[in-house]
Amino acid sequence: LVNQVVNNSIQLMQDPFGNYVVQYVLDNSKKQETDALILQLLGMLAQLSMQKFSSNVVEKCLLAAPVHVKEPMIRELSNP
(Lines give C-alpha, C1' and ligand atoms only; values in the text may rest on other atoms or scores of the structure.)
Protein backbone atom coordinates (compact mmCIF):
# COMPACT_ATOMS: atom_id res chain seq x y z
CA LEU A 1 0.00 0.00 0.00
CA VAL A 2 2.84 2.38 0.83
CA ASN A 3 4.37 1.81 -2.61
CA GLN A 4 1.07 2.79 -4.23
CA VAL A 5 0.99 6.00 -2.19
CA VAL A 6 4.60 6.76 -3.14
CA ASN A 7 3.90 6.06 -6.83
CA ASN A 8 0.83 8.30 -6.84
CA SER A 9 2.06 10.91 -4.37
CA ILE A 10 1.93 13.90 -6.72
CA GLN A 11 -1.74 13.35 -7.51
CA LEU A 12 -2.60 12.48 -3.91
CA MET A 13 -0.90 15.47 -2.37
CA GLN A 14 -2.99 17.86 -4.48
CA ASP A 15 -6.20 16.28 -3.21
CA PRO A 16 -8.03 17.69 -0.15
CA PHE A 17 -7.96 14.26 1.54
CA GLY A 18 -5.11 12.54 -0.29
CA ASN A 19 -2.57 15.01 1.08
CA TYR A 20 -3.24 13.62 4.56
CA VAL A 21 -2.46 10.12 3.30
CA VAL A 22 0.88 11.29 1.92
CA GLN A 23 1.67 13.10 5.17
CA TYR A 24 0.84 9.95 7.11
CA VAL A 25 3.26 7.95 4.96
CA LEU A 26 5.96 10.57 5.52
CA ASP A 27 5.45 10.36 9.27
CA ASN A 28 5.14 6.59 9.62
CA SER A 29 7.13 4.88 6.87
CA LYS A 30 10.66 3.61 6.64
CA LYS A 31 13.38 6.05 5.65
CA GLN A 32 13.79 4.38 2.26
CA GLU A 33 10.10 4.89 1.43
CA THR A 34 10.11 8.45 2.69
CA ASP A 35 13.20 9.28 0.64
CA ALA A 36 11.62 7.75 -2.50
CA LEU A 37 8.53 9.89 -2.03
CA ILE A 38 10.57 13.07 -1.54
CA LEU A 39 12.75 12.41 -4.58
CA GLN A 40 9.67 12.13 -6.80
CA LEU A 41 8.82 15.75 -6.01
CA LEU A 42 12.08 17.22 -7.28
CA GLY A 43 11.37 19.33 -10.33
CA MET A 44 7.81 20.09 -9.20
CA LEU A 45 8.39 21.65 -5.78
CA ALA A 46 7.76 25.26 -6.80
CA GLN A 47 4.43 24.41 -8.40
CA LEU A 48 3.36 22.13 -5.54
CA SER A 49 4.41 24.61 -2.85
CA MET A 50 1.95 27.19 -4.19
CA GLN A 51 -1.09 24.93 -3.99
CA LYS A 52 -3.24 24.80 -0.89
CA PHE A 53 -3.08 21.07 -0.13
CA SER A 54 0.25 20.06 -1.60
CA SER A 55 2.07 22.92 0.14
CA ASN A 56 1.50 21.14 3.46
CA VAL A 57 3.19 18.04 2.08
CA VAL A 58 6.10 20.05 0.66
CA GLU A 59 6.67 21.56 4.10
CA LYS A 60 6.66 18.13 5.71
CA CYS A 61 9.05 16.83 3.04
CA LEU A 62 11.48 19.65 3.80
CA LEU A 63 11.45 18.65 7.44
CA ALA A 64 11.85 14.93 6.71
CA ALA A 65 14.42 15.10 3.91
CA PRO A 66 18.04 14.14 4.53
CA VAL A 67 20.54 17.00 4.23
CA HIS A 68 21.83 15.92 0.82
CA VAL A 69 18.27 16.17 -0.54
CA LYS A 70 17.29 19.35 1.32
CA GLU A 71 19.91 21.38 -0.52
CA PRO A 72 18.51 20.75 -4.03
CA MET A 73 14.97 21.20 -2.68
CA ILE A 74 15.82 24.62 -1.25
CA ARG A 75 17.63 25.63 -4.46
CA GLU A 76 14.58 24.65 -6.49
CA LEU A 77 12.24 26.61 -4.24
CA SER A 78 14.55 29.62 -4.32
CA ASN A 79 14.65 29.68 -8.13
CA PRO A 80 11.16 28.72 -9.38
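Thr34 is found in helix α4, residues 31-41. Helices here are DSSP runs of H or I with at least four residues, numbered from the N terminus. The model is predicted: local features need pLDDT of at least 70 and side-chain atom pairs count only at pLDDT 80 or more, while totals for chains, interfaces and linings use all residues. Residues are numbered from 1 along each chain as its sequence is written, and side-chain values use heavy atoms, with hydrogens and water left out.

Thr34 is buried, at 6% relative accessibility. Buried means under 20% relative accessible area, exposed means over 50%, and partly exposed lies in between (1.4 Å probe, protein chains only). Beyond residues up to four places away in sequence, Thr34 touches Val25, Leu26, Ser29 and Ala64. Contact requires heavy atoms within 4.5 Å.

The term denotes a side-chain nitrogen of Lys or Arg within 4 Å of a carboxyl oxygen of Asp or Glu. Lys31 is exposed, at 55% relative accessibility. Asp35 is buried, with a relative accessible area of 15%.

The count comes to two salt bridges. Lys60 pairs with Asp27, with the closest N and O atoms 3.0 Å apart. Lys60 lies in helix α6 and Asp27 in helix α3 (residues 18-28), so this bridge ties together parts that are 33 residues apart in sequence. Lys60 is partly exposed, at 23% relative accessibility.

The largest nonpolar core has 18 residues. Such a core is a set of buried Ala, Val, Leu, Ile, Met, Phe, Trp, Tyr and Cys residues joined through side-chain atoms within 4.5 Å. Helices α1 (2-7), α2 (9-13), α3, α4, α5, α6 and α7 (67-78) each supply at least two residues of this core. Leu37, Leu41 and Cys61 have the most contacts inside it. Leaving aside neighbours within four places in sequence, Cys61 is in contact with Leu26, Leu37, Ile38, Leu41 and Met73. In soluble globular proteins, nonpolar side chains tend to be buried together.

Phe53 sits in the loop between α5 (45-49) and α6 (54-64). Phe53 is partly exposed, with a relative accessible area of 28%. Not counting residues up to four places away in sequence, Phe53 touches Met13, Gln14, Asp15, Pro16 and Asn19. The C-alpha atoms of Phe53 and Leu12 are separated by 9.4 Å, although these residues are 41 apart along the chain.
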